[in-house]
Amino acid sequence: MGVRKRERAEQRKEANKQVAFAKLNNCPTSPRKMRLVADLVRGQKVENALNILKFSTKEASIRLEKLLLSAIANWQAKNADSNIEEAELFVKEIRVDGGMMLKRLRPAPQGRAHRIRKRSNHVTIVLGSFNNTQSN
């Protein structure tokens, strides 16, 4: 590996230290319902987002809360020497994409059948640090 390529890789690695992410694949909730909850926490500080998810009555909030805790744990694994309170983590990006669709048939009148689409989704949470974004 060349010197410039190695230096660029080191810079990229250092920049990625301040960013942590977690993914949830094939969550059996429709993307539309999950986006309602995801919009509540987008751009919020982590402590505030956890409170919002904890006291939300939607079922999707339980899954998002676990995913957010996983992203926080991933950030701690990357930054073992740093403190979460000093880093001021926030939800930098949260993306809800459509996942696999299970197709089922439901009986209908007069011998017909209607197709039922059981939707799922993929959720990606990216956490960023206020300290890192202000210095750039």
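A crossing of two helices counts as right-handed if the near helix is turned clockwise from the far one by less than a right angle, and as left-handed if it is turned anticlockwise. Keep that in mind for the first view, and note that this is a predicted model.

**View 1. Helices α2 and α4 cross in a right-handed way.** The two pack at an angle of about 60°, and their axes lie 9 Å apart. Angles from 65 to 115 degrees would count as roughly perpendicular and those under 35 as roughly parallel, so α2 and α4 are oblique to each other. Where they touch, α2 brings Lys 33, Met 34, Val 37 and Ala 38, while α4 brings Ala 60, Ser 61, Arg 63 and Leu 64.

**View 2. Here's helix α4 from end to end, residues 60-78.**

**View 3. Now for the buried residues of α4, with Leu 64, Leu 68 and Trp 75 among them.** Ala 60, Ser 61, Glu 65, Leu 67, Ala 71 and Ile 72 are buried too. Looking down the axis of α4, the buried residues fall within an arc of 165°, so they line one face of the helix. They pack against helices α2, α3 and α5, and against strands β1, β2 and β3.

**View 4. Thr 124 sits in strand β3.** Its relative accessible area is 9%, and buried means under 20%, so Thr 124 is buried. Setting aside neighbours within four places in sequence, Thr 124 is in contact with Ala 22, Lys 23, Glu 93, Ile 94 and Arg 95.

Notes: Residues numbered from 1 in each chain as written. Predicted model: local features only at pLDDT ≥ 70, side-chain atom pairs only at ≥ 80, totals over all residues. Heavy atoms only, no water. Helix = DSSP H or I, 4+ residues; strand = E, 2+ residues; numbered from the N terminus. Expected span 1.5 Å × (residues − 1). Buried < 20%, exposed > 50% of the residue type's maximum accessible area, 1.4 Å probe, protein only. Arc of directions from axis to C-beta. Contact = heavy atoms within 4.5 Å. Axes fitted to C-alpha atoms, helices over the stretch in contact; angles between N-to-C directions. Parallel < 35°, antiparallel > 145°, perpendicular 65-115°, else oblique.
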